[in-house]
Amino acid sequence: MYSRKPQPVEIPEEMTDVWTCSNDGCNCWMRDNFAFQDEPACAQCGATMERGSKMLPQLSNYTSDHKYGKKSIT
Ligand SMILES: [Zn+2]
């Protein structure tokens, strides 16, 4: 049996376009490349979202895998 240690993978970060919720009480956001509408609504509260950017780990494997695209990563 192999032990399930998390693999220490260094993921470089980059400035990534994101949408952030305009609702002050909500800190939901999503990556721009996961948004399929020009102006997506917040998945949490339904408010409009505003463009912004965040330092996020680069995505390499599944940026084009739309099956998992709608999952919001917080
Ligand atoms: Zn929200």
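**View 1. N27 in the loop between β1 and β2.** In this predicted model, look for N27 in the loop that links strands β1 and β2. Is N27 buried or exposed? N27 counts as exposed because 10 C-beta neighbours lie inside 10 Å, and a residue needs 12 or fewer to be classed that way.

View 2. What order do the elements follow along the sequence? The pattern reads β-β-β, with three strands and zero helices in the chain. Strand β1 covers residues 13-21 and has the highest mean pLDDT among the elements, at 94. Strand β2, residues 29-31, has the lowest, at 91.

**View 3. Residues 62-69.** Please take this close-up with some caution: the pLDDT is below 50 over residues 62-69. Beyond near neighbours in sequence, the stretch makes three contacts in the model. Where pLDDT is low, the predicted coordinates should not be read in detail. For the chain, the mean pLDDT is 81, and 77% of the residues reach 70 or more.

View 4. How many of the contacts between residues at least 6 apart in sequence join residues at least 24 apart? The share is 53%.

Notes: Residues are numbered from 1 along each chain as its sequence is written. This is a predicted model: local features need pLDDT of at least 70, side-chain atom pairs count only at pLDDT 80 or more; totals for chains, interfaces and linings use all residues. pLDDT is the predictor's confidence in each residue, from 0 to 100. Helices (H or I, at least four residues) and strands (E, at least two) are DSSP runs, numbered from the N terminus. Two residues are in contact if their C-beta atoms, placed from the backbone, lie within 7 Å. A residue is buried if 20 or more other C-beta atoms lie within 10 Å of its own, exposed if 12 or fewer, and partly exposed in between; C-beta atoms are placed from the backbone.
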